[in-house]
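Me: I'd like to go through this one piece by piece. Here is what I have open.

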Amino acid sequence: MTPINISLLLFMIGLYGVISKNNLIKKIIGLAIINASVVLFFIAIGYRESGLAPIMSRSEAVDSANKIFVNPIPQALMLTAIVVSISLTAVALALVVKIYSKYKTLDVQKLYEE
Amino acid sequence: MLNHLPILIIIFPLSIAFIILLFKKYIIALSTFSILFSLASLLKFAPSVYKGQIISYHLGGWPAPLGISLLIDSLSFFFALTVLLIGMMVIIYSIPDKKYNHNYYFLLLILLSSMVGTIFTADIFNMYILYDLVAIATYLLIAYYQHGVALKASFNYLLMSAVGLSLFLLGVGSLYAMSGTLHIASISEQLPEIFAHNPQIIIMSLVLVITSMGIKMAMVPLHGWLPDAHSLAPSPVSAILSGVVVKVGLYCLIRLIFGLFSTEKILVNIASHYILMVFGAITLLFGAMMALTQTDLKRMLAYSTINQIGLILIGLGFNIYSGFEGALFHVLNHALLKSALFFCAGIIIIKTGSKKIKELAGFGKKNPVVAFCFVILSLGIIGIPPMNGFVSKFLICLAAIEAGYSILALVIIFASLITAAYYFRVIQIFYSEPIQPNSNLPNIDVAENSLFWDKYFRLWPIYILTGFSLMLGILPSLGLSLIRPAVKILLLNIIK
Amino acid sequence: MKNSRIIRTLAQKLLPFIFLFGFYLTFHGHLSPGGGFQGGVVIATAIILLTLSYGIKETENRFKEKHLSVLEKLAILAFIFLGLLGIFFGYPFLKNFLPLGQRGCIASAGLMIPLNLVISIKVAAGMTGIFYALVKYRGEI
């Protein structure tokens with residue numbers, strides 16, 4: 001089970017949560033799982049066999065002595081994607097707070113009937 | 001300063017949005033000034049874009065495959081012009097309403113600047129980030145009045161749109177893993193050799209991109225959020241959602257399919273060809289038939305949007321010159337017509353206080369000018385000759401016969417007949433006598449809700465947009481000369 | 001949310017160290033993992049810890065919401081201004097025009113330190129604002 005397969009499996013689990021759970025908070029948790037699985041996918045793409053963490057050391061000689069580093073670009077892209085995921089969760093939670101204050105229930109079946 | 005204009009078009013409304021939130025004074029003057037500045041800077045590029053010159057701007061000084069770059073060619077110029085024009089009209093329309101405070105203008109300016117940013121960027125990950133910003137601004141604008149039903153519609157839209165954007169990010173990731181860059185032109189150069197080794201990953205990312213952009217622009221199995229979201233939002237927000245935000249998804253689809261995936265002929269000529277045509281036809285018929293049964297005015301207009309997007313998808317699926325011409329011209333026409341229709345619906349709802357079509361009887365006598373504009377605009381969407389809708393529908397039907405699918409021309413004409421049915425039903429109710437002569441059309445005093453010069457600020461956007469539509473219909477060469485350079489970009493990779 | 005005296009004392013004593021750690025992450029963003037966003041979130045965590053142990057009223061007396069809101073908007077305008085500063089000298093937007101230093105020192109990598117600082121202030125103020133909104137109003141605006 002490579003990390004890429006695990007990330008796609010997590011995506012399916014998150015999608016199951018968004019679609020078939022009846023509570024609104026559980027749907028938001030499913031959304032957070034989906035975003036986390038995409039982050040895992042990107043970082044798994046950038047992995048190289050027996051590579052080191054992409055941090056420069058203080059001198060040139062230590063760095064260029066035939067070392068393999070993992071790809072740092074997907075990690076930088078995922079910093080931005082994590083920020084986007086957090087703001088999406090914040091907006092969704094704000095909407096759920098207002099829905100609860102108007103309807104006094106968080107159950108999707110009861111909300112659908114009103 | 002002049003060669004830094006591409007980034008200033010995006011940054012200036014963004015910084016004015018934060019200044020509005022900080023100072024809370026001179027809101028209307030600042031927002032109008034910022035959109036006028038962006039529009040004027042965009043028009044400055046018009047002569048050089050017509051000659052076919054591509055203007056690119058590299059952020060941070062890093063050259064093309066390494067850094068983010070902005071790309072203004074005729075396709076992105078055309079879409080950005082539509083966005084800023086309709087955005088200007090929406091800001092003018094929402095001036096006289098006292099309920100729109102600084103939060104509304106802040107969200108509107110962020111929406112407009114990130115839409116222009118999505119259209120200009122030439123980097124697929126940057127496109128995802130800015131498109132997510134567009135989506136967050138729309139979730140908050142739909143739920144602006146905080147009624148219960150609007151909050152539920154916005155939450156529904158949030159779930160579907162967030163899943164769609166995560167699928168888009170998976171597609172972007174697969175492309176990056178195979179090619180090593182994020183720049184669209186660099187990936188399209190490497191695509192033939194990647195396709196020779198692993199065709200499965202390229203097909204997977206094509207499917208993910210089409211699905212995610214299908215959620216955002218309401219192709220039929222994925223359209224469930226659109227009727228609620230567009231009908232329960234405030235009226236100027238509905239106008240900009242139906243007119244322009246849906247088209248940004250269409251632009252991303254066009255840029256990725258015809259700009260990136262098209263270097264491998266098999267993907268465009270066989271796969272997306274059939275997908276776009278079949279789903280376009282299903283969307284066309286579905287939108288038309290559902291709109292026929294609606295009793296709510298704005299919901300009917302929302303299903304009509306689904307109808308026209310299906311038409312544009314059919315036009316794009318033919319891969320020949322007149323098909324692209326008709327589809328892109330219909331993008332412009334539908335933006336103008338549908339925004340003006342939502343503006344009219346806003347005035348109708350304020351003046352009569354009800355959203356149901358049955359209760360609007362006699363509106364033609366009460367407010368003849370708005371009813372007459374509604375008649376002209378609906379003739380445009382149905383596709384009757386002096387209007388611009390006729391030109392674009394005719395071009396798409398012509399392309400259908402030229403490509404050998406004459407049955408699709410019959411389907412388009414059948415859907416136009418259904419469109420005529422549901423628009424004419426509304427117009428007939430406008431001009432008929434009310435059943436109980438005294439109880440319909442209560443005289444609602446609108447003075448407490450509006451600031452000043454109610455008539456001017458609400459009616460002039462409708463007149464300007466109707467005037468543009470009539471002008472584009474009588475002299476279609478004005479519009480087509482705007483579109484021909486854009487169509488050349490689409491054909492560039494297919495003819496090769 | 002009145003907790004025991006042990007938690008309140010410990011949170012009050014730990015607060016400066018968490019702030020220090022947040023600023024350490026921010027300023028060493030170009031040398032080790034970290035940067036503006038991570039440092040800002042750690043600083044916001046400090047204020048959230050204070051809220052959880054003392055209650056929202058007392059925390060808001062110290063870290064007022066109006067000040068945080070103004071700080072957030074000034075920070076993003078400062079970011080855009082730093083990007084536009086390069087334009088006045090003739091470089092493209094957000095180009096690294098300050099002098100690069102030696103490899104491995106803090107004072108290297110030109111424009112990244114002011115940008116990291118500004119972003120951490122904005123993220124800290126933003127996260128704290130979100131937390132205040134979700135705790136204070138409880139949906140009854």
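Me: Leaving aside its neighbours within four places in sequence, which residues is His330(B) in contact with?

Reply: This is a predicted model, so read everything as computed from the prediction. Beyond those neighbours, His330(B) is in contact with Gln308(B), Leu311(B), Ile312(B), Ser392(B) and Lys393(B).

Me: Which side chain does the side chain of His330(B) make a polar contact with?

Reply: That of Ser392(B), at 2.9 Å.

Me: Is His330(B) buried or exposed?

Reply: Buried: the relative accessible area of His330(B) is 3%, and the cut-off for buried is under 20%.

Me: Where does His330(B) lie?

Reply: In helix H14 of chain B.

Me: How many residues of H14(B) are buried?

Reply: 29 of the 32, so H14(B) is largely enclosed by the rest of the structure.

Me: What should H14(B) span at 1.5 Å a residue, and how far apart are its ends?

Reply: H14(B) covers residues 321-352, and 32 residues should span 46 Å. The C-alpha atoms at its ends are 46 Å apart, so the two values agree.

Me: What follows H14(B)?

Reply: Gly353(B), which has a positive phi, near 75°.

Me: Switching to charges. How many salt bridges are there over all chains?

Reply: Seven, from a search of the whole structure. As background, side chains of opposite charge can pair when their charged atoms come close.

Me: What does Arg458(B) form a salt bridge with?

Reply: Asp97(B), where the closest N and O atoms are 3.9 Å apart.

Me: OK, interfaces. How many residues of chain A are in contact with chain B?

Reply: 34 residues of chain A, in contact with 29 residues of chain B. About 2700 Å² is buried between the two chains, and carbon and sulfur atoms give 84% of that.

Me: How many salt bridges and polar contacts between chain A and chain B?

Reply: The salt bridge count is zero. Four residue pairs are in polar contact, with both residues at pLDDT 80 or more.

Me: Which helix of chain A gives the largest share of the side that touches chain B?

Reply: H4(A), with 17 residues. By type, the residues of the side of chain A that touches chain B divide into 26 nonpolar, four polar and four charged.

Me: Now chain C. What area is buried between chain C and chain B?

Reply: About 1200 Å², with carbon and sulfur atoms giving 84%. Lys73(C), Leu77(C) and Phe93(C) lose the most area in chain C, together 40% of what that side buries. The contact involves 14 residues of chain C and 15 residues of chain B.

Me: How many salt bridges and polar contacts across that interface?

Reply: Zero salt bridges, and zero residue pairs in polar contact where both are at pLDDT 80 or more. The side of chain C that touches chain B has 11 nonpolar residues, one polar and two charged.

Note on methods:
Residues numbered from 1 in each chain as written. Chains lettered and ligands numbered in written order. Predicted model: local features only at pLDDT ≥ 70, side-chain atom pairs only at ≥ 80, totals over all residues. Heavy atoms only, no water. Helix = DSSP H or I, 4+ residues; strand = E, 2+ residues; numbered from the N terminus. Expected span 1.5 Å × (residues − 1). Buried < 20%, exposed > 50% of the residue type's maximum accessible area, 1.4 Å probe, protein only. Salt bridge = Lys/Arg side-chain N within 4 Å of Asp/Glu carboxyl O. Contact = heavy atoms within 4.5 Å. Buried area = accessible area lost by both parts, 1.4 Å probe. Polar contact = N/O pair within 3.5 Å; in protein donor to acceptor, adjacent residues only side chain to side chain. Nonpolar A, V, L, I, M, F, W, Y, C, P; charged D, E, K, R; others polar.
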